[in-house]
Amino acid sequence: MPGLRRDATFRDAAGRVVLTRWREMMSYRDGTLAGDDIEELHAMRVSSRRLRAAMDAFAGAFPAKTFRRHLRVVKEITDTLGAARDLDVAVDGLDAVLGEFADHERPGIEALAAEYRAQRTGEATHIAALFTRLDEERFAVRFERWVKRHTGVEPDELTTNPAGE
Amino acid sequence: MAKPRAITGLDPDRRLRPNARRILTVRIDEVWAFAPYVTHPGHVRELHDMRIACKRLRYLLEIFEIAFPADLGPFIDQIKDLQDLLGEIHDRDVQVPMLHDHLERLAERDAAAARELMRQTGLTRRVGLARREAAFERFRAQLDDAGTLSERPGIEALLARRTQERDELYDRFLVEWRRLTTERFRRDLERALGI
């Protein structure tokens, strides 16, 4: 965790951990939107869960009202990615076992995989719509400012002092 | 999904460790609160909630480990293993009802297709015996053709497999959970955190 020290205050740790997790999650945004590699979306979803865990842990460093508002958006990201991820896993799981089934059993499994793939295409639209909205709301900039305001941690410090622990 | 319990008594301007200790105390309690329920395979919701509680605890240990002198790595690994097993169980608990629903939809679709076939082959019309028998033979031939392409056998086989996997995964979870209990995992974790 960049710049996080064992003797840090809770407030300083809150800023460093939440901002690091936030940036980690957003680093997968373009890959997720491109949709060429299902692991990008998976990594973004896992990062969003880590961010939520960090926000839950450090909730005490932020005012309750604005904390709830920001957490709600992060949760929306997790949930939106979750629906797509579940379908990716389902299709992957079916493809992986298809060869182990008898010939007369395969049409059913192939048809189910095709149904999931069609649903997955719809989920990509939801993901794109969510990120367009967040861009319009300038949520990324506002999120980082909010963390800085309540913890005193400058977002740019995280990249200039990556091995500060 | 069970919401995390609120943590009281935190002081953001104090050091990380005492605050982390207070948070972890509650999150450890949350995992073990499911102990009375998870020894029954039918407690699907509790198993799922325990997975979420394990995940929260694991992520927090990863965040806070820098604040503690003890090596928390082995504890984190154990909790991750438990969480992964519970995750595999949860996947089956989601998939099995979905496959049952899918089979129901297939049954409805097959029934509608059969009705349409009966209509097309003239079985529903009032005709003479010879024509009715000929129509029935055509109906049966088309139904046999459709049967070879049926989706049901595959879904039924998949359902049987996922159900068996769920049973096996649950047995593995139970062995793992009992081992952690026997080895006093919780006591050791709390000692490492100074709780």
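Biologist: How are residues, chains and helices labelled here, and which parts of the model count?

Modeller: Residues are numbered from 1 along each chain as its sequence is written, while chains are lettered from A and ligands numbered from 1 in the order in which they are written. The model is predicted, and local features need pLDDT of at least 70, side-chain atom pairs count only at pLDDT 80 or more, and totals for chains, interfaces and linings use all residues. Helices (H or I, at least four residues) and strands (E, at least two) are DSSP runs, numbered from the N terminus.

Biologist: Which residues touch the most other members of the largest nonpolar core?

Modeller: In soluble globular proteins, nonpolar side chains tend to be buried together. A nonpolar core is a set of buried Ala, Val, Leu, Ile, Met, Phe, Trp, Tyr and Cys residues joined through C-beta atoms within 7 Å. A residue is buried if 20 or more other C-beta atoms lie within 10 Å of its own, exposed if 12 or fewer, and partly exposed in between, with C-beta atoms placed from the backbone. The largest core has 71 residues, of which V17(A), V18(A), A54(A) and L60(B) touch the most other members. The helix that gives the most to this core is α2(B), with 11 residues. Beyond its neighbours within four places in sequence, V17(A) is in contact with M1(A), L4(A), A54(A), F58(A) and I63(B).

Biologist: How is the packing of two helices described, for example that of α3(A) and α2(B)?

Modeller: Axes are lines fitted to C-alpha atoms, for helices over the stretch in contact, and angles run from 0 to 180 degrees between N-to-C directions. Angles under 35 degrees count as roughly parallel, over 145 as roughly antiparallel, 65 to 115 as roughly perpendicular and the rest as oblique. The axes of α3 (residues 38–57) of chain A and α2(B) come within 9 Å and cross at roughly 75 degrees, so α3(A) is roughly perpendicular to α2(B). Here R50(A), A53(A), A54(A), D56(A) and A57(A) meet R56(B), Y59(B), L60(B) and I63(B).

Biologist: What is the handedness of the crossing of α1(B) and α2(B)?

Modeller: A crossing is left-handed if the near helix is turned anticlockwise from the far one by less than a right angle, and right-handed if clockwise. The axes of α1(B) and α2(B) are 9 Å apart, at an angle of about 160 degrees, which means that the two helices are roughly antiparallel. Their crossing is left-handed. Among the residues in this contact are E30(B) of α1(B) and A53(B) of α2(B). By class, the contact has 12 nonpolar, no polar and three charged residues.

Biologist: Is E30(B) buried, partly exposed or exposed, and what does it touch?

Modeller: E30(B) is partly exposed because 19 other C-beta atoms lie within 10 Å. Leaving aside its neighbours within four places in sequence, E30(B) is in contact with P4(B), R5(B) and A53(B).

Biologist: Where does R138(A), with its positive phi, lie?

Modeller: Most residues other than glycine have a negative phi. R138(A) has a phi near 50 degrees, a positive value, and is found in the loop between α5 (106–136) and α6 (139–151) of chain A. R138(A) is exposed because it has 10 other C-beta atoms within 10 Å. In chain B, phi of R184(B) is also positive, near 55 degrees. R184(B) lies in the loop between α5 and α6 (185–193) of chain B, and is exposed, with 11 other C-beta atoms within 10 Å.

Technical notes: Contact = placed C-beta atoms within 7 Å. Nonpolar A, V, L, I, M, F, W, Y, C, P; charged D, E, K, R; others polar.
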